[in-house]
Structure formats: C-alpha cells, structure tokens
Amino acid sequence: LLWRVVYHRQKARKEAGHSRDLEPTTLHLVCHYLLPASSLVTRDTALAEVIWNVLVRVSTIQRFTIYTKWEDAYQNFMLKATYARVKHNTKQVLKRVVAASDRHGRSDAGSNAPTAIADLCLHNPMPVLEVMLKDLEIGFNVNMIQPYVDATAKCSDMTADICSYLLSRVAMKPSSPGHVFLNSSDALCAPWLSSLGEFAGRFYKKHYYTDLLGLLTVVINRMGGATDMKLAAASDMPQEYKGESLIRIVFESILEHMGGVLTVSDYTAEQLVCLAGGPRLRSESLSIGGKKEDPSRKEKVRQHLLDTIIAENFVPKIWQSLGSQRAFYLSEDFAEKTIGGGLKLLCMLVDGNHQCFLQLIEFLSQSCSREKYASLMPPTMQVFARFDPPLAFSAIRYGLPSYGKAFAKMKEDGASNIEEPKAIQDIERCVRLYLPPDFENEGLSINFYVTFWRLSLQDIITPVDAYDRATTSIQEQLRLYRMQRSVVEKDHRNPNRERELRYINKEIDRQEDLVAKLREERAQQQINHKQVRERLEMEKSKWILKPSPKATSVLVADLLSPRLLNSYADAVFCCHFIKLLVELKTPGFHLLDFYNSWTIMLTQQLKSCSEREAQIFGVFLKDMMMYLISLRENEDKFKDELSGNPCFHRDYYEKEAGTQIEWTTMEDIKRGHAKWEGRIYKLVRAGVDSDEWMEKRNALLLLSQSYEAYPKVAKYAGPILHAVESMRDKEAYADLKTLANSIVIKLKSVKDHWLDQDKSKAAVAAVAAVEKKASPPPPREPTGKDNEEPSATAGSTSTRRPPVGDRDRNDGQEKRARRADDEPARDRLDDRKRHRPDRPDRVERPGTLSSSARLAMNSALPGSERPMSNSTRMAMNSALPGGPSSRSSRPGSTLGGSVGGGMVSSRPSDRSRR
C-alpha cells in the first residue's frame, strides 16, 4: 500500500511539471523503511513490479543512490540473516551451473538455474549479484562468463538495473595493490578487467533494455582522465604505470557485443578480400558457424546503444578521451616518468587505443546514415588538430560526400567541372596547413593527395567473387533447411512437429532475407565503383605534375607510409590503389621506381612498429609481391599490362616528339624481383638474428602473413628458413619458439613453389664450400712420422701448410665467388668476422700460430692426455716472432733446449708463463 502511495505521488508530481526525482522525505521513507521491509518478503511478484515502477521514474543518479542505501541496510540486524541465506542459496545454484556446464559443454546446461536465480533476485537482488560479480573480480574461469549471463535470462528489469549499478561501482574502484589494472611483470591487463568487460558486454546484449548511462559515464570519464595520467604529468619522479585508462576494455566489449563490431587480430585471405565489401558481407565472413542471431533483435540492441551515446553527447567525449590517451602514451612524460613494461607495454597500450578508435568508427558508420554520422563529428579543424592525418581521415571519411555521386551529378547537369562541397573544401584548407608550402613543386598535386585519403576500399574494388561465395553458401543452407522441413512435415507422430516447423520456417525467412540484402548491397557497390572509376579516369592526368624519382618518393613517404599501418583495410587499399594506377595507365607513375622506393623506405618501419603493425605490413608485403609473381608467371598478363602503359617505362620521359622510349622487359621484372627480395631479406634476417624480443617477434609475425609471396626467390628463402629453424631450436622464450615452429611449417609447405631454384643450387654449393674452408680443420691423430726429428733448418714450418701465396690466391677466388653467387653467404661471413675481430681473414700472418698448431698446443697443455709431437713443436717455434734461432739467442728468453731442434722446455713454470 505504501509503495502505491509513493507511485501515485510521483506520478502527480510529473504531471505537474516538477522534477522526476523523489522528494527528500519520500526518499528517506523509501531507503530506510520500504526497501528493507520489502527484502523480508518471501515471494510477491506484484510487489516487485510496483517497486520497479517507482524506481524507473527517477533519474539514474538518484536510483543509484537508493541502491547504495539499500545495500547498507543489509548490515542491520533484521536483514543480516536474509543476506546470509540468499548468498548461500546463490552459491548452491551457481555450483550446479558450473557442474552442468563442465559436464555437457554448453552454456544452457542446467535449465532450471535461470528460474532459481530469478526467484532469489525478486526481492534481494543485491546478495545474488554480489556473489556472481565476486567471481569476476578474482578473475575466475572465463569460460563460465556466458553460463553466468544465461543464468540471469529470467531476471526482472530491476535486477538488471541493479547489476548495471554494481558493474559501475566495480569500474569506479581505483588501482590498489589488491586491485591492479595492469600486470607489470608481463605487460598484460589484469584478468579481472578482461572478465569484467566480457561479462558487461554479454550481459547488456541479453538485457539490452537496461540503462547504460551509469556505466558509460564512469568508463568514458576514466578513459580520458585517469589518475595515473595526471600523476605522471605532475610528478618529477619516475613511477610505475598503473594502467587505470585500460578501463576502455569495458567500452570495447560493449561495442563488440551490443554494436556487433567484431575484432579480428589475424585475418584469413578470404576475410581480407571481404573487407572490400559492405557491412553484411564483412559480418558474414567473420561470423562463426552455428545458430545465427536474429537480425531484428540485433538491430534493436545496436540502436539502443546508439541512442544512449547520442542522447548523452558521448561521441565528442570519447574522441577527446582516446586522443588524450594516445597523446599521453606517445609523450615524454610516459617515456621518462613510468617504470616497467618497456616497448611491449607501449605497443600494447597504443595498439589497444588504436583498435578502440577503429571500433567506434565502425560502429557509428554501420548504425548511422552518412548525414547523421557527419553531424556527430567535431569540426574538421578540431579533428586534424587532435589526431594524426591517418586517424583524422579515418574519422571523417564515412561522413564525406560520395566521390562517385559528385561525378554522376556533374554528368546529369551537363557541367564541365565538378563543384566540390564545403566539407571537401575544408579538408583542402586543413591539408595545406600541415603539408610543406612547396608540396606541389615536388611532383604531386593537392588534388591527388586529397583523392587518395578520401577514397575507401569499397570505392576502388568490388569483391564479386566473395559475394558469389557468400550467396552460394547461404543458398546451400537454404536447401538443407527446405529438405529438413519436408521431412518434419511428413512426420505426423512427432509431438514437437509444430515447434520445429516454426523454427525452420523462421530460419528460411532469415536466410532468404540475407540473400536479398547481399544482392542489393553488391548492386549498390558496383554502381558506386563504376562512378568512382569514371571520375578517376577523368582526373588522372592532373595527379602527377612533375614525373620524377622525387615525386615517387613523396608518394611513398606522404601517402602510402602513413596510411599503410593504420588498419588491415587500409593496407589492402594501398595495394589495390597501386594496381589501380597501373590499370588506369596513369601518366607519370613509374612502377619499377615505385618498387625501388618502397622496398627502401617502408621496410625500415619494421624496426619501429608494434605487433599489430607488423602483421599489417606483412599483408601489404604479400599483396605487393604477389602482383610481381603474377607478372613473372603469366607472360600473357604481362604483355596485356605492358601494352601502351606508361607505368612500364624504363625511365621518366618528357612529353617530347621523337623521344625513344624503352619499355620494361620480363627480364627486368625478374631481376628487379630478386633485387627487391634481397633488400627485404636483409631487414628480416636482422630481425630474426636480433637479441631483442620485439624485433624477433615482429619479423616472425611479418613472415606469418607474407610467407605465400615472400620469401619467394630460393636464393633468399633458403637462408630465411634456415635462420627461423635455428631460432626454433635455440630460442629460450616459449612464445617465440612456438611462433618460429609455425613459420617453419608454413615455409616448408610452399618450398616447392620457390622461384629460381636452379640458380640457387650453385649458390648453395658455393656457400657450403666457403663455410668448409672457413671452418678450422679437426685435430690430427699422432702417427709414427710425428716422432721423427724435423730438419734443423732455421725458420722451418710444417710441411702440411700451403704457401702463403697459394692461400691468398685461394682466398681471393672464394671472395669473388661469394660476391658473385651468394649474397647471404657473404652476410654470414661478415657476421662471423664481427664476432671474431681478431681473425679478419684466413691468412696466417708472420708471427702467429696456425690453426693446426693451436689445436695441437691445446692438446699438449697440462691436463691433456695427448703428448706434443715433434712436428707440433717445430710449427710452434717457427710461428713465433724471429724463428727458433732468434729466440734462443735473445737475452732473457724463457725458452730452453737446443737451438737447432727448437725444443720447448718441459718445465711447468715455463709452459704456464708462455
């Protein structure tokens, strides 16, 4: 009765136009009397519904205040017994959930658990949810997160709202010794934080009607204003980074589960192709087989999240928070005032921040129209002031006017020029502010620069084959569903016949609707691609103003290099854009010089990139090398590409009549391919042989993405395989050892397809011969001739050593063979010389011991079982400065024995002194 009085009082205040919050006296009545009394009720569904009707009308802040007072009331005498009883019953139910899930291996095991949890939460949701979230805070088994969420399937709206309050409270906890956000030992986020984010995302996906305002407010405010960021900026002493800004993991999980934005760290070849398609094709390529989610419900969940973000104006706050995080990670304060983690921590933080940024863009672009997305963006000048050009263009690209529709409108109006909208004009003004004033004097136009950055992957390519495969796969599923429906229709004895038919018909309708939407998406993209292609064909002559090596270097440095490592889609875009320049026969673009430039300039980025960027660079390397391989292996394709195409000129030719043009030949492509692989080989080999964990891992991650197209020339592929095998056998870190083993398997799987294997055999033989010469000879066993006395000629040497002149001549031949046939062998010998600076070559200088003499001397030292032979003594005496005669006559000499025989004293003191 009292709850109904409060409800009608609040309803009357709302009709009168007063605040939606409760009056102070009413709030005191609810918190101190009504809620504690309701907790003692056994089971009353009507009472629980009236309580929620009162609480749902107040603001989020006051509702969370009421929950705090309710939680404190459980410490009073009357509710202590109820609190203990509910917690005990909850633990018993959760034990059954865990046991059933382990036994059956599915999340819906123990079907009575949702009912039991709902009954316990009807009047006492606090103890039940605290028990569940306690397991999250201790970082329990992550496989039990989904069963726990499924156990709340039948809970009331008030229970879901109280769970949101408890999640917000956990997210507000500061870092402490018992509540760390980051494990400094391995530079990974704490298990409880990952579990909290996963639970929050899955819980809000199941209970999407729950108010998200409280949790999103806490997370977004802590993302940009973390305490550790402020302390690092204010303190002068280095301190350990606590990682409170990693609370963004909760926001990323919400975007993934509620927004449907899936994150993939390692794309397959088919998924990379599908990145060029629309949202439905990308979602279909990333979806896992099994039961698919209802599209209508998925759209409701996404729309609820979007409405919450837009209503509270969270988008600018998120941009600012992510920008503040990135600026702090790359600042001097973070580099000099934080302790622990090293490069691994920095790469993890930067990659995570970048991934969250891309997730937000993907979510907004899939949930909003182009006009709505543009309205959510800050002014263009602010975006470019806060982010680097790659991130700024990624943020605004979806909201820009369509590149192809402007051309179509020009054709309809019959105009001669395209009138750019205000958004493009603003971008050009921003671009001119950060580009050098003489940018166009270096060869490229501003129009070309803006065109490159405003185009997306969907504009320049349509994955027709991927759409066909996806449609064929769905139609096959449709065929199976129809066969199953015909079987069920004939089974009249089945008691579940009607229910099964409803399910099958629902799936058939869903699949047919998906096929229709995929075909519509494909048709729209083909129309857009055609319009874009026509406009590019019209404007291509205005792109490269002064064809020269300088213009090609600017293309690589200012366009490809910043965008390449931004995302997987951008890496694929860069590859297809270069191919598009060749297909359009762009005047001034020189393909051979372009490969010369990027193999020199871009490969240096591997030394300073993170793990995510190394994988992205591997994707770019594979696609670029695959294009060369296709030209080498298909001569007809090469001739078609070459026909009248200025991109295949051997040099930059001026537009003058009578100029003799030299064209690229197949031999030029082959020689260039080998040369470019050799450049990349040096960098990859340096990374594999490095002592740094990060450089080794980056080199292996690059090979994991590019092994199908690089290394492809046998001359360099063999040494890379050998180096990775050596790492696998000798590496101490388990993660590198496992990764190296997988790379070895991948390289061996494509070994039969390596190019120029015949030429490589001669090089391998030369390498073996050189290494055999370079290795020291094994020690000789003593024979009867060793006991004979050598001739007493002064300065005599061992008869087994060749003359010095012969050795010099042999060494010269070997060096010339190494330079001509095998560059990797020369690199290995150079490495050997760097590690042995005392032996720059194999020629023994006068006054030094030969290899055989050293081995024999070591075997004759005290403790050795082999006696020193007479020939060994002669070799030692002849190799020492001055020969045996000069040593014997020198004052103060420590050598004894006869002069002619060159005998060495057998006294221990003389031997140890020598």
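Let me begin with a term: a residue is buried when its relative accessible area is under 20%, exposed when that area is over 50%, and partly exposed in between, using a 1.4 Å probe and protein chains only. What we have here is a predicted model, in which local features need pLDDT of at least 70 and side-chain atom pairs count only at pLDDT 80 or more, while totals for chains, interfaces and linings use all residues. Residues are numbered from 1 along each chain as its sequence is written, and side-chain values use heavy atoms, with hydrogens and water left out.

If we take the expected span as 1.5 Å times one less than the number of residues, α32 should span 33 Å, and its end C-alpha atoms lie 32 Å apart, which agrees.

Next, a pair of helices. Helix α23 (residues 403-413) packs against helix α28 (residues 497-539) at an angle of about 75°, with the axes 8 Å apart; the axes are lines fitted to C-alpha atoms over the stretch in contact, and angles run from 0 to 180 degrees between N-to-C directions. Since 65 to 115 degrees counts as roughly perpendicular, α23 and α28 are therefore roughly perpendicular to each other. Contact here means heavy atoms within 4.5 Å, and the residues making it include Y403, F407 and M410 of α23 together with V532, R535 and L536 of α28.

Now the cysteines. How many disulfides does the structure hold? It holds zero, a disulfide being a pair of cysteine sulfur atoms within 2.5 Å. C121 is in no disulfide, and the nearest cysteine sulfur, that of C155, is 4.4 Å away. At 1% relative accessibility C121 counts as buried, and C274 is buried as well, with a relative accessible area of 3%.

Finally, the backbone. Most residues other than glycine have a negative phi, and most peptide bonds are trans. N313, in the loop between α16 (295-311) and α17 (314-329), has a positive phi near 55°, and this residue is partly exposed, with a relative accessible area of 48%. K585, in the loop between α30 (568-583) and α31 (591-601), also has a positive phi near 55°, and is partly exposed at 35%. A cis peptide bond, with omega about 0°, joins Y710 and P711, and P711 sits in the loop between α35 (693-706) and α36 (714-730).

Methods. Helices (H or I, at least four residues) and strands (E, at least two) are DSSP runs, numbered from the N terminus. Angles under 35 degrees count as roughly parallel, over 145 as roughly antiparallel, 65 to 115 as roughly perpendicular and the rest as oblique.
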